[in-house]
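Welcome! Take a moment to look over the sequence and the 3D view before reading on.

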Amino acid sequence: MALVLHAGNTNKNAFKALIAAEYTGVEVELVKNFEMGVSNKTPEFLKMNPLGKVPVLETPDGPIFESNAIARYVTRRKADNPLYGTSLIEYAHIEQWIDFASLEIDTNIMRWFIPRIGFAVYLPPSEEAAISALKRALGALNTHLASNTYLVGHSVTLGDIIMTCNLVLGFSRVMTKSFTSEYPHVERYFWTMVNQPNFKKILGEVKQTESVPPVQSAKKPSQPKEPAKPKAKSEPKKEAKKEPEKPKSEEAVEEEEVPKPKPKNPLDLLPPSKMILDEWKRLYSNTKTNFREVAIKGFWDMYDPEGYSLWFCDYKYNDENTVSFVTLNKVGGFLQRMDLARKYAFGKMLVIGSEPPFKVKGLWLFRGQEIPQFIIDECYDMELYDWKKVDITDEAQKERVNQMIEDFEPFEGEALLDAKCFK
Ligand SMILES: N[C@@H](CCC(=O)N[C@@H](CS)C(=O)NCC(=O)O)C(=O)O
């Protein structure tokens, strides 16, 4: 008889056991008609998991909660299982990666994602700390995957299943391509995993998010709902184990997210511009030599002063920039948060000086004649800088633009610690 898994069909924690079941052949079925906030708050459910959280697996020997424990159980029901490695040391390494996936990857993705969608208080320094811890973990994972196809050994193990399920939420909700491109081996690993037939059957088509969700105001914790009325007998029964759709972090989240028609960005309503931002970004990225003659000249040939404006920014608190990596992380975090403006902006951020305190100065190209209001509203870093519109009739200012685009050194008499580009 199949083991019954209590969770909705978009729960990434439930996917762990369902994928393990595909590999081991152990029969696991999602419970029928599960309703988040109702089914998991009944007295019967609370006897299985006093926290009222999902997933929970019913077994002939009693219930199990905590998704990793459930996935381990489903794996170990099949003796001599390659999902658990072939030696004690492989077993230990699989356990190591399971903990890493949970404590270093999942925790930080959640600390980034959950406040953004209003299910916890949004605090910019906490978000910065979460992103920076996540980057550290992804860096370490990337290094490991540079010389390993799988986390352990030469085939999929439970470590890969749990890691991938945790990454699914990151890739599909907060980690944009510009964020993950720093970790090419993680990208290769992730896309290989989610396209394995046993993963794909459960996860469906996975798509990488194009933007980080804008910060929503904190939501009140959801009240337990009235239990759902029994359904009429004639109603067709849902399939127990159907193909999950888009992965979501928490079904509670999914429930409360009422899809609203996306309002058009006012910048899309501006008169069309002859300047195609992506063409400039491509030219910038593809120019490897003769930068001045090719990229800078190309920029001014393309530049449309009616459709776009250029801005210098100057960090207001440079005297606080006493530690190089903290300063670099601060700028990295800013660019990360500008993700929502990718269609409408290009930027260069210079970290200047060979000794602390470092100066942070930037150049931004924005669609329209003003700094877009939605960026000011959504990206708190904007107020940490003084902004000045570039006067392109002033040759000195134009030359400063050129130098910032091309990472000219020395910049205003000083060496560059780093130059970051937003494109
Ligand atoms: N560490 C747990 C996390 C379980 C969890 O947070 N479940 C969420 C849905 S993904 C839940 O049931 N939330 C409902 C609640 O908090 O009442 C696991 O891996 O199973």
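## A look at Phe346

Let's begin with that residue, keeping in mind that this model is predicted. You will find Phe346 in strand β6, which covers residues 345–352.

Who surrounds this residue? Setting aside neighbours within four places in sequence, Phe346 is in contact with Leu277, Trp280, Lys281, Leu365, Phe422 and Lys423.

## The chain as a whole

Now step back to the whole protein chain, which has 15 helices and nine strands. Of its 423 residues, 35% are buried. Consider next the contacts between residues at least 6 apart in sequence: 76% of these join residues at least 24 apart.

## Two helices side by side

Next, turn to helix α1 (residues 12–24) and helix α3 (residues 67–76), whose axes come within 8 Å and cross at roughly 10 degrees. Angles under 35 degrees count as roughly parallel, so α1 and α3 are roughly parallel to each other.

On the α1 side, the contact is made by Asn13, Ala14, Lys16, Ala17, Ala20, Ala21 and Thr24. From α3 come Ser67, Asn68, Ile70, Ala71, Val74 and Thr75. Sorted by type, the residues of this contact are seven nonpolar, five polar and one charged.

Technical notes: Residues numbered from 1 in each chain as written. Predicted model: local features only at pLDDT ≥ 70, side-chain atom pairs only at ≥ 80, totals over all residues. Helix = DSSP H or I, 4+ residues; strand = E, 2+ residues; numbered from the N terminus. Buried ≥ 20, exposed ≤ 12 C-beta atoms within 10 Å, placed from the backbone. Contact = placed C-beta atoms within 7 Å. Axes fitted to C-alpha atoms, helices over the stretch in contact; angles between N-to-C directions. Parallel < 35°, antiparallel > 145°, perpendicular 65-115°, else oblique. Nonpolar A, V, L, I, M, F, W, Y, C, P; charged D, E, K, R; others polar.
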